[in-house]
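Hi,

Here is the structure I said I would pass on. Have a look at it first, and then read on for what turned up.

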Amino acid sequence: MNKVYRFLLLALLLPAYQSVLHAEPEKKPPTWSGTTQFGYTGTGGNSQDNNLTGKFNLLYHKNKWNNTFQLEALFSNNAGGTTAERYADTIELNYNFEPHSFGFYRNNSIYDRFNTYDVSLINAIGYGHRLYSGNKVTIDGQGGPGYRFARVAGTSEKEQEIILYLGSTLKWQISKTAHFQEAINIAAGRFNTMSKSESALTTDIIGNLGLQISFTITHNSNIPANSNQTLNTDYRTDVTLLFSF
């Protein structure tokens, strides 16, 4: 009876044992990944023209680190001279000390000739947390103290202040070939509160080539008296080809 019992038990366990032996190892995300983008830009507000833009994004993921490096350039001129000139870089270092909690350091440098502040430098550190995690949608929030340096466009006037930095990122995997992202960043200080919202819809075309349509709004709560710009809000629409690697 014992031999029959053992035989039946072995017959039941053998398929599961074989599936474990032949199971494919779980694929780990690559340590480095990124995108490059080139395309058309339409601007409004303090700068009104049609331009070409380029963006470069690099992601680093290893163990508990999730780091982002971003570069952006925008330049245009016409018969009347230069109408748009912007260069920006962002570095963000995230350390996940828990699955849905992380500490961060963020550095953002901007030169924008046609903004209320043509030079801005923002540094911030703080805490972030995944506020929502679904099958297709995730929402992250973060905040902490920081420092802001800015120069008023067209002058030598400078502002330096302690700020409160707040940020949120929503990611929505609409389908296998399309996803949406909304990023909001706020740097609130005594002299000025700078708010930026960027919405981007990306769809795959073929292989690693995709198309992205994005809309960005930048708002400064204060326009200094000596500034040569007159509008609080600037906006831009980008249509770019995106190559992932």
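Before the details, one term: a residue counts as buried if its relative accessible area is under 20%, as exposed if that area is over 50%, and as partly exposed in between. Also keep in mind that this is a predicted model.

Let's start with the salt bridges. A search of the whole structure finds twelve of them. One joins the side chains of Asp-112 and Arg-86, with 3.4 Å from N to O. Asp-112 sits in strand S5 (residues 101–112) and Arg-86 in strand S4 (residues 81–98), so this pair links distant parts of the chain, 26 residues apart. By the cut-off above, Asp-112 and Arg-86 are both buried.

Strand S6 (residues 117–133) runs antiparallel to strand S7 (residues 137–152), and 13 bridges join the two. Asn-123 has Tyr-147 of S7 standing opposite. Three residues lie between S6 and S7, and the two strands form a hairpin.

S7 also pairs with strand S8 (residues 158–173), again in the antiparallel sense, over 15 bridges. If you want a spot to look at there, find Asp-140, whose bridge partner in S8 is Thr-169. S7 and S8 form a hairpin too, with five residues between the strands, and in that hairpin Gly-154 takes a positive phi near 80°.

Arg-151 makes a salt bridge with Asp-118, and their closest N and O atoms are 3.1 Å apart. Because Arg-151 lies in strand S7 and Asp-118 in strand S6, this pair ties together parts that are 33 residues apart in sequence.

Between S7 and S8, the side chains of Arg-148 and Glu-159 meet in a salt bridge of 3.3 Å, N to O. Arg-148 belongs to strand S7 and Glu-159 to strand S8, so here the parts tied together are eleven residues apart in sequence. Arg-148 and Glu-159 are both buried.

That's what I have for now.

Cheers

Conventions. Residues are numbered from 1 along each chain as its sequence is written. This is a predicted model: local features need pLDDT of at least 70, side-chain atom pairs count only at pLDDT 80 or more; totals for chains, interfaces and linings use all residues. Side-chain values use heavy atoms; hydrogens and water are left out. Two strands pair if DSSP finds at least two bridges between them. Helices (H or I, at least four residues) and strands (E, at least two) are DSSP runs, numbered from the N terminus. A salt bridge is a side-chain nitrogen of Lys or Arg within 4 Å of a carboxyl oxygen of Asp or Glu. Buried means under 20% relative accessible area, exposed over 50%, partly exposed in between (1.4 Å probe, protein chains only).
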